Amino acid sequence: MAGLIHPEDLETVRERSRIDDVVSSFVQLKPAGGGALVGLCPFHDEKTPSFRVTPSKGFYYCFGCGEGGDVIKFVQQINNMGFTEAVEFLADRVGIQLRYTDGDGGPRHEPGLRMRVLEANQLAAEFFAAQLASPHAVTGRVFLDGRGFTREHAEHFGIGFAPRGGRDLLNHLTAKKFTRDDLVKAGLVRESGWDFFQGRLVWPIRDAGRSTLGFGARRLFDDDRMPAKYLNTPETLVYKKSHVLYGLDLARTHIGKKNQAVVVEGYTDVMACHIAGVDTAVASCGTAFGADHSRMLSRLMTSDALAGEVVFTFDGDAAGQAAALKVFSSDATFTSQTYVAIEPTGLDPCDLRIQGGDAAVRELVARRVPLYRYVMKNTLEKYDLDRADGRLAAVRAAAPLVASVRDRSLVSEYLRELAGMVGMDTDTVRAEVQRANNRKVAPEPERGLRQEAPAKPAASGQVAMMELPDPSDRRIATERGVLKVMVQHPSLFPEDWGGITADDFQHPSYRRVFEVLTATDRNVGGFAQAVVNGMDDPVGQQLVVALSVEPLLAEPTGAYAREYAARLRLAHVVRDINDLKSRLQRTNPVEDQANYNRMFAQLLELETGRRALEQHAVGS
């Protein structure tokens, strides 16, 4: 089994994959001076370009949403890939055969296979779409028409038809010079040589960059030998059902703009929502909505993920209640607030649009309620609220739900709501919720609650990360300025970095960058990337990328670097002088003469140092 990618190959991939070439496949870039390029950020909605690419450094950075990194990170984000997948994607793109360490040394797949699979999928999607207009696809067209979808809708979503012949797609793609082995590995053809999809309506499943990763297909004919109503592409090199969402290619920008994602259950539900104006709708493909899906959506909500909404649509029956409880059991994996939209009639969005029109679908989402409130209501219904012990038991069962609310400003309101629902004093309910928040043991399983209700790992993990400094904070502007020069032009500084130490930095994140920076070999190729690799915190990596692409105030020279270093050290000395003056003012020179004289001598020494640094720092 293959192990880690060989470090030399990794660097070769970075060197040959020009970031401007890769990014320009997704973003229209324009020159911005100084060798940089700018465009509209693909990770959040904006009207003024704040997305900056610096080819000489190999980095991108958005000053609007803070996303940034190298070419590998860009491919990871834009295609929702893991690190290894992104490297393999780029290696195929530039024709590099990767070597692997800590394993058998062999590649995970043949060089270029990923690109061939994606190309085959694209041609298959075009083939299926063309077949939908054929006489053989009349059953499929009748199905779409019966659900209120027009030809224009089918074209917009790329819907197609897989012929019933059994080898039509195989013959079509082998004529395009694809081998049967390639098509088997793409999940388009079975080992036996038969087309994987036959006599079915087909939906292409695309990533955020609109590359076709696989397909979902619906049964149309009673004599279909595959009994499943829906059939999905098997797991392939590019299609992993836990990492894809149907409709993401169409919903991506709207999710970022509205800070909301609506999760439905099927392909036609996604179509109905988008047509009705709910253009943030997506659906999982052949699997339950999981942690990887939630992380995908959180990355798209770059404006404020904590304030974002993930809305799930469920039926109002027992099955819908069970589905809501299942989602709530994994609620800790969501960064955003979770909501549920219940249709009492039991209709899914597609059928609801047929019976009630587009407005009914929009109203379904507009009636969303917090998921915790829906689960709370179902939890309280299990207890006899006419009895005192029943009310207390109900509060104790519901307390972890309130304790799980991420927006702490809403907790008081929810406490009053819970108190009103059970008919108890608010202070009593608050005490029970506080106990639930502090309790380390798990609640009883039979109550249907989560096993670790008090803790919110995702949120606490975010708090523990480094803080991203405000680039406009003038109080620490010198710290940011000198780090920009250090990251971008390390050779301008003497071996001791101009006498700068970690104590010269007030902001802990700037201090950490300096510590990693000075521990990195400045003679290594790609110094900025090496510093990024040395950071063990994603926020720290993001900060280094920002420092590496932000423009400098003047042409960098050795004198400029020395002056900036002197200015930073001067700021530290001034702080020490002010602290010492404060202590002197609080010290009685008669009663504590020795201590006073010692501090006064230190003050004179600091003042001498200050004057010397002022002379060196004047140019910066």
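User: What covers the buried residues of α3?
Analyst: The cover includes α1 (7-16), α2 (19-23), β4 (51-54), β5 (59-62), β6 (68-70) and α4 (83-94). Buried is under 20% relative accessible area, exposed over 50%, partly exposed in between (1.4 Å probe, protein chains only); contact is heavy atoms within 4.5 Å. Helices (H or I, at least four residues) and strands (E, at least two) are DSSP runs, numbered from the N terminus. This is a predicted model, where local features need pLDDT of at least 70 and side-chain atom pairs pLDDT 80 or more, while totals for chains, interfaces and linings use all residues. Residues are numbered from 1 along each chain as its sequence is written, and side-chain values use heavy atoms, without hydrogens and water.

User: How many residues of α3 are buried?
Analyst: In α3 (residues 71-79), 8 of the 9 residues are buried, among them F74 and I78.

User: What caps its N-terminal end?
Analyst: D70 does, with a side-chain oxygen 3.2 Å from the backbone nitrogen of I72. Just after α3, N80 has a positive phi of about 55°.

User: Switching to α14 and α15, how do they pack?
Analyst: Helices α14 (residues 349-356) and α15 (residues 358-366) pack at about 130°, axes 6 Å apart. Axes are lines fitted to C-alpha atoms over the stretch in contact, and angles run from 0 to 180 degrees between N-to-C directions. The two helices are therefore oblique; under 35 degrees is roughly parallel, over 145 roughly antiparallel, 65 to 115 roughly perpendicular, and the rest oblique.

User: Which residues meet there?
Analyst: P349, L352, R353 and G356 of α14 meet D358, A360, V361 and L364 of α15.

Key. Polar contact = N/O pair within 3.5 Å; in protein donor to acceptor, adjacent residues only side chain to side chain.
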